Amino acid sequence: MKNEAQIRILLLQQYLCTLTDEEHAASVSDILQFWESHGIQAGRKSVYGDIQILIDQGVDIVAPDQGIGAELVPIAVVLEDFFFLCGVPQECVQRHPDPD
């Protein structure tokens, strides 16, 4: 289901932003449990695939030296990228001028 995949990716980004840092990596099992707590059933391949999607979209995710896991390097989330991940058509996105 396409909507579930989009929600899964957004939840993954939320998880990595809020619950991981340089000292606390997330394991695949951690991510699967987080998804399950939000009603998403997925397998290990989905974790790797969704991490790759985030990386392809410019999110800087690094793997720690030990074990399986991921750490999100803090970035500014661009609203247009968020809309893209949610599947909002570009013609529906209202652009606002910079305040400068």
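**Exercise 1.** Work out whether Arg8 is buried or exposed, and which residue Arg8 pairs with in a salt bridge.

*Solution.* Start with Arg8: its relative accessibility is 13%, and buried means under 20% relative accessible area with a 1.4 Å probe, counting protein chains only. Arg8 therefore counts as buried. This is a predicted model, where local features need pLDDT of at least 70, side-chain atom pairs count only at pLDDT 80 or more, and totals for chains, interfaces and linings use all residues. Residues are numbered from 1 along each chain as its sequence is written, and side-chain values use heavy atoms, leaving out hydrogens and water.

Next, the partner: Arg8 forms a salt bridge with Asp50, with the closest N and O atoms 2.6 Å apart. The term asks for a side-chain nitrogen of Lys or Arg within 4 Å of a carboxyl oxygen of Asp or Glu. Arg8 sits in helix α1 (residues 2–19) and Asp50 in helix α3, so the pair ties together parts 42 residues apart in sequence. Helices here are DSSP runs (H or I, at least four residues), numbered from the N terminus. Asp50 is buried too, at 3% relative accessible area.

**Exercise 2.** Find how helices α2 and α3 are oriented, and which residues make the contact.

*Solution.* Take the axes of α2 (residues 28–37) and α3 (residues 44–56): they come within 10 Å and cross at roughly 95°. Since 65 to 115 degrees counts as roughly perpendicular, α2 and α3 are therefore roughly perpendicular to each other. Now list the contact (heavy atoms within 4.5 Å): α2 gives Val28, Ile31, Leu32 and Trp35, while α3 gives Arg44, Ser46, Val47, Tyr48 and Asp50.

Conventions: Axes fitted to C-alpha atoms, helices over the stretch in contact; angles between N-to-C directions. Helix = DSSP H or I, 4+ residues; strand = E, 2+ residues; numbered from the N terminus. Parallel < 35°, antiparallel > 145°, perpendicular 65-115°, else oblique. Buried < 20%, exposed > 50% of the residue type's maximum accessible area, 1.4 Å probe, protein only.
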